[in-house]
Amino acid sequence: MRVYNTLTRTKEEFVPRQADAVSMYVCGPTVYNHVHIGNARTFLSFDVIRRYLEWRGFDVSFVRNITDVDDKIINRANEEQVSAPEVAAKYTSAFHHAMERLGVKPPTQEPYATQTIGEMIEMVERLIEKGSAYESGGDVYFAVRSFDGYGKLSGRDVDDMRSGARVEVGDLKRDPLDFALWKSAKPGEPSWPSPWGDGRPGWHLECSVMSTGHLGETFDIHGGGVDLVFPHHENEIAQAEADTGVPFARYWLHGGMLQVNSEKMSKSLGNFMLLKDVLDTYPASTIRLFMLQTHYRSPLDYSEERLASAVTSYERIETAVRNARAVAEDPATDGATRGSTAEESALIETLAAAPEDARKRFIEAMDDDFNTAGAIAVVFDEVRMINSFADRLGGDPSIGHVGLLTAIVDTVLDLLRVLGITFAEGEDGYPIEVVDLASQLAGYAGGDTREAVDSLLASREAARTDKNWALADAVRDGLAGLGFTVEDTAQGARVIYRGQN
């Protein structure tokens with residue numbers, strides 16, 4: 001397995017500290033607003049990286065923090081005329097709900113900044129003792145030039161740097177490049193007591209304390225968006241390594257930005273779409289497919305057209321799986337025995353090897369810096385094979401042939417689950433509301449969701465035969481309202497269930 005390490009600017013062999021375990025930290029949200037789809041790309045990318053590592057057998061300790069004290073939170077509290085803790089609680093809950101809807105797994109541990117203040121103060125005290133930080137007027141600053149390795153992550157030279165938008169400049173600093181570890185309290189703002197007076201931590205300090213506090217002084221992977229390389233991650237390295245004297249994170253992975261018209265999607269530019277709104281229109285698996293068809297380090301252009309294309313791709317996979325299952329579950333034959341031609345024998349041999357070959361190629365793609373685009377290409381190769389095989393089986397599938405078809409389908413579903421892309425499977429995947437719909441429109445008296453769908457399809461078919469278009473349309477529209485699409489095929493009507501948002 002090889003990963004691109006921002007720290008070394010090369011693709012390196014991934015060798016975790018422990019042979020069977022990976023420690024991983026990803027910068028979480030500053031909870032002052034709903035997460036937008038650009039933020040979501042970062043969380044989704046590292047969710048897939050985590051899922052893949054777990055699938056490969058690693059025990060992954062995944063830590064993602066919540067920044068619940070920050071200037072942005074305070075500003076939003078003033079706008080909404082509520083307290084900063086109320087703002088943080090509101091948008092933390094919204095973030096968790098959005099991640100759940102997107103299918104992002106909860107972190108192993110999720111520390112909150114406000115619950116780690118004591119540990120932050122302790123780190124600042126150690127940095128002052130070592131001469132890496134200084135107090136000035138109730139604020140505490142990290143002395144950038146005291147750390148020889150400053151700039152190694154971003155590739156910047158300290159002497160060539162100029163203070164920028166994210167590098168705070170104040171009259172109390174000894175050097176414009178120094179950054180705040182502790183900020184003195186201002187009237188009406190959240191604050192905590194400290195040796196330097198009441199105040200609150202600087203943004204950069206939080207992640208160094210929370211990551212090392214849960215994963216140790218040195219851990220395997222630190223992740224985040226590429227926009228965090230400087231100054232946030234650069235500052236994390238400086239303060240953590242100045243404190244411990246040992247390397248901070250071994251591998252630095254950074255995701256590319258989601259763009260709109262070649263501009264980074266951001267709240268400050270006003271060109272963002274809230275994740276919750278996009279999820280109201282597109283199923284989570286479709287959004288994941290859209291994002292994962294581009295490598296996580298590359299920029300990704302957002303557009304409705306590309307999302308619509310992802311919907312088509314998703315339906316293509318789902319239709320292949322459902323059609324294959326229909327053949328496998330209902331192998332109606334006329335009892336005839338079909339002869340095996342040389343061409344068919346070669347096809348069967350290829351298909352028999354397909355599951356193992358697909359897994360091998362999937363691993364090769366994902367082992368190459370988590371190349372999800374290549375991994376998805378493997379899936380579509382298998383989809384084409386499923387369609388070809390199902391067509392060849394026709395109405396005379398043998399038991400052996402059905403077994404091959406089922407094995408390929410199961411492989412496709414397993415590989416997609418690694419990417420967090422799922423399909424409703426079986427009766428448990430259908431909403432219970434479909435039973436009520438079947439009772440109203442088809443006279444169904446049972447309680448099984450799959451039977452309810454079958455009764456609705458039968459009722460629709462009978463209505464179409466009787467030219468009762470109102471009932472036929474009511475069945476179709478009712479199913480659509482519950483997340484189903486009715487598909488008419490030569491073998492009769494089937495449903496595709498996309499789920500409810």
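The legends below describe several close-up views of a predicted model.

Local features are described where pLDDT is at least 70 and side-chain atom pairs count only at pLDDT 80 or more, while totals for chains, interfaces and linings use all residues. Residues are numbered from 1 along each chain as its sequence is written, and side-chain values use heavy atoms, with hydrogens and water left out.

**View 1. Cys-27 and Cys-207, two cysteines without a disulfide.** A disulfide is taken here as a pair of cysteine sulfur atoms within 2.5 Å, and by this rule the count comes to zero. Cys-27 has its nearest cysteine sulfur in Cys-207, 3.7 Å away, which is too far for a bond. Cys-27 is buried, with a relative accessible area of 7%, and Cys-207 is likewise buried at 2%; buried means under 20% relative accessible area, exposed over 50%, and partly exposed in between, using a 1.4 Å probe and protein chains only.

**View 2. Tyr-52 and Phe-370, an edge-to-face aromatic pair.** Rings of Phe, Tyr and Trp (its six-membered ring) pair if their centres lie within 6.5 Å, and planes under 30 degrees apart count as stacked, over 60 as edge-to-face and the rest as tilted. The whole structure holds 14 such pairs. In the one between Tyr-52 and Phe-370, the centres are 6.3 Å apart and the planes are at 80°. Because Tyr-52 belongs to helix α1 (residues 37-55) and Phe-370 to the loop between α10 (342-367) and α11 (372-393), the pair ties together parts that are 318 residues apart in sequence. Helices are DSSP runs (H or I, at least four residues), numbered from the N terminus. Tyr-52 is buried at 0% relative accessible area, and Phe-370 is buried at 2%.

**View 3. Trp-55 and Phe-362, an edge-to-face aromatic pair.** Here the ring centres are 5.6 Å apart, with 80° between the planes. Trp-55 lies in helix α1 and Phe-362 in helix α10, so this pair ties together parts that are 307 residues apart in sequence. Trp-55 is partly exposed, at 29% relative accessibility, whereas Phe-362 is buried at 0%.

**View 4. The buried residues of helix α13.** In this helix, which spans residues 433-442, the buried residues are Val-434, Val-435, Leu-437 and Ala-438. Seen down the axis of α13, they fall within an arc of 160°, so they line one face of the helix; the arc is that of the directions from the helix axis to the C-beta atoms. After α13 comes Gly-443, with a positive phi near 70°.

Note on methods: Helix = DSSP H or I, 4+ residues; strand = E, 2+ residues; numbered from the N terminus.
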